[in-house]
Amino acid sequence: MSNIPSKDQILKWITDNPGKRSKRDIAKAFGIKGAARIDLKRILKELQAEGHLEKTGRTYRDPEKLPPVTILSVQAPDDNGDLFARPLEWHGEGAEPRVLYKPRTADPAVGQGDRILAKLFEAEGDDHHYTARLIRKIGTNPRKILGIFRKRDEGGVISPISKGSDKEWQVRAGDTHGAKDGELVEGELAGPKARMGAPRARITLRVGDPGEARAVSLIAIHEHGIPDSFPDAVMAQADAAKPAGLKGREDLRDVPLVTIDPADARDHDDACYAQADDDPKNKGGHIIWVAIADVAHYVTPDSALDREARKRGNSTYFPDRVVPMLPDRLSGDLCSLHEGVPRAVIAVRMVIDAKGQKIGHTFHRGLMKSHASLSYEEAQAAQDGTPSARAEPLVKGVIRPLFAAYDALKIARAKRQPLELDLPERRIELDDNGKVSSVAFKDRLDAHKLIEEFMVLANVAAAETLIAKRTPLLFRVHEEPSPEKLEALREVADSAGLTLAKGQVLQTRHLNDLLRAAGEDTSELISISTLRSMQQAYYNPENFGHFGLALKSYAHFTSPIRRYADLIVHRALVSAHGWGKDGLSAEEIERLEDTAKLISGTERRSMVAERDTSDRYLAAFLSDRVGAEFGGRISGIAKFGVFVKLDETGADGLLPMRSLGREYFHYDAEAQTLMGADTGTMISIGDRVLVKLAEAVPVTGGLILELLEHDGKAPAKGAGRGGGRGRGKPPARRKVGASKGRKAKLRKKTARTRTKD
């Protein structure tokens, strides 16, 4: 027994080695072999019984953890001048963890008694368990300012970047944060406005050159009018919120729910669990739990928080930041399902059969505790047989049952046939200085698809329940393509030698057949054209179905942290089940149509801002590669030129008409083609091109290209005398039947390409 460590030694070692928690790891660390392992097992069981350790699978961990974002109360400085802070939310039975506060240069001063919202990091030091970084002082809500710093005398001024604004803010010498003249800076008000002159501000962040990548998202936020600071009343209400308890809720803390999100997820608002159904009548079936943060508990109708969330409509995501719908006290803390922390949820328990068909579901208002916060890559690796130390104990009881349920859902999906437009999604990665370090296409793992299918099923369950209970709600509506767009798609398909039949009610399976029929040379053309034929989804209190998902009833329920529509659905569920007084109010029901229009608009605003930001980041990334050659495909055609999507980055650039050749090109809007008047050259969506980057403008996000090759050939010169400006003699007006001849020519071209392959 001499080499058996004490309980304190074991607990300290587990704390210091979070990645090695199995009994085998502990035995190896202390050199315990043979019969001595029996004594170690006994001590571990005693620690578990005393509540110091929690066993999950074959590993042990300290169950008493603080959430990664929490409120702290700052204590008096110690003898060394260090500031420690007490957590206000502590669920453990043991002593509170010791938290060391580490301020940064730009952080405002804090002192004894101040409450702060902080980001926590587990520490390796002996005298404290966590270090804390300031997010915001509770009770303060400094107004953010974005502008260009202009140096004057010892201090300077911040000039706004917003169009039409001439307001300036004075910056004293001690508040410049080292900013240089002409830099884009972020600041906050530093005092009341004097009787004469501009209001005062202090600079809190030097963004740098306004044309650099790290300035892009800040400019987009202001350019598109996205609210990025919360009113004082909103912050006060969020700061006053307390964690929900078990009263009036079902205890779901023993259900091994886990969150699966991107590795850099800013919040965790959904968790899931699955198990085989032991009902003999449902042989091969599964039970799926999806638990969603109970935002309705904290954001009540017509409160300050509610009014602001409705105005924002949704969170907006950029490569370097997020503009949240809710304050960070809620989005990053009380409504985020952090590992090991009790959190209020609305959960749905769904039963599916062996073929993935939902045969029953029930909703529950409960209190859960996430058993693990996994990344998509971590969950996938565990399923593929290479689990991380954290995921290994979950493989048998949690991860494999999740994927087994997903396998069943895939059968139902194949039968339903939602639109299979699996276009690649690009990911812009930034370095520590805010510059684009790489642009890659996101991997589509089965773990991603698993979560998507679970969320779709939960959203369907929410819509069906509210319809059955005759409770008003907001549906997610996606209507089928308009006759005009469908005819345009039919013409593009016909020109590629494919058929989209007329005289039948369009279903997604017809479009999937078209997508599958497209060969390698025309798949891009058909995919882009199909995407462009789609209507934009929107919210509506009336149910018109979801064409793209091939569902009769669909409502967003799974992301109330970042979408106001989901919060409406949560309140509707509260009302429908009689769970409390925080359900839909009569006033909300009256204005559901107005709310639907408002949040459909804010969604479009965010999409445009996010797209513009991506374009500007990509232009900045490519600005030092002017003159380089890139492969790509034509993604759009207009009167003034051709749009090309570059293979390497997915960036869209413009080939001006003058770059296509010295001849007149006839533009056919219906077929989305250009045809050379002299050479008969046909340019269509999906064609392969080789281009040279002629110009990259980060401020606008514009890329100007020069055409080097089209379908492997240099551009035809033609006989026009346009001085290289692409303006030869225009062709005669088309005669009736000319369209068929052009289609036949395109079909022959496609056939020749296929023969070569």
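**A walk through the predicted model**

Let's start in the loop between S25 and H14, where alanine 550 sits. This is a predicted model, and alanine 550 has a backbone feature worth a look: its phi is positive, about 55°, although the residue is not a glycine. With a relative accessible area of 30%, alanine 550 is partly exposed.

Is serine 559 buried or exposed? Its relative accessible area is 4%, and the cut-off for buried is under 20%, so serine 559 counts as buried. Setting aside residues up to four places away in sequence, serine 559 touches Asp269 and Asp566.

Histidine 177 is another non-glycine with a positive phi, here about 60°. You'll find histidine 177 in the loop between strand S10 (169–171) and strand S11 (184–189), and at 33% relative accessibility it counts as partly exposed.

Now for the whole chain. The protein chain has 757 residues, and 48% of them count as buried. Its secondary structure comes to 17 helices and 33 strands. Take the contacts between residues at least 6 apart in sequence: 67% of these join residues at least 24 apart. The accessible surface comes to about 36300 Å², with 48% of it belonging to carbon and sulfur atoms.

Which residues is valine 477 in contact with, leaving aside its neighbours within four places in sequence? They are Ala537, Tyr538, Asn540, Glu542, Phe544 and Gly545. As for glutamine 536, it is 59 residues from valine 477 in sequence, yet the C-alpha to C-alpha separation is 8.8 Å.

H6 leads us to another helix. Its axis comes within 7 Å of the axis of H16 (residues 592–622), and the two cross at roughly 60°. That angle makes H6 oblique to H16. On the H6 side, the contact is made by Arg310, Lys311 and Arg312, while H16 brings in Asp594, Thr595, Leu598, Ile599, Thr602 and Arg605. Sorted by class, this contact has five charged residues, two polar and two nonpolar.

Last stop: helix H8 (residues 376–383), where Tyr376, Glu378, Ala379, Gln380 and Ala382 are buried. What do they pack against? Their partners are strand S14 (259–261), strand S21 (373–375), helix H9 (395–416) and helix H10 (446–468). Just after H8 comes glycine 385, with a positive phi of about 100°.

Technical notes. Residues are numbered from 1 along each chain as its sequence is written. This is a predicted model: local features need pLDDT of at least 70, side-chain atom pairs count only at pLDDT 80 or more; totals for chains, interfaces and linings use all residues. Side-chain values use heavy atoms; hydrogens and water are left out. Buried means under 20% relative accessible area, exposed over 50%, partly exposed in between (1.4 Å probe, protein chains only). Helices (H or I, at least four residues) and strands (E, at least two) are DSSP runs, numbered from the N terminus. Contact means heavy atoms within 4.5 Å. Axes are lines fitted to C-alpha atoms, for helices over the stretch in contact, and angles run from 0 to 180 degrees between N-to-C directions. Angles under 35 degrees count as roughly parallel, over 145 as roughly antiparallel, 65 to 115 as roughly perpendicular and the rest as oblique. Ala, Val, Leu, Ile, Met, Phe, Trp, Tyr, Cys and Pro count as nonpolar, Asp, Glu, Lys and Arg as charged, and the others, Gly among them, as polar. Accessible areas come from the Shrake-Rupley method with a 1.4 Å probe; for residues, only the protein chains shown count as cover.
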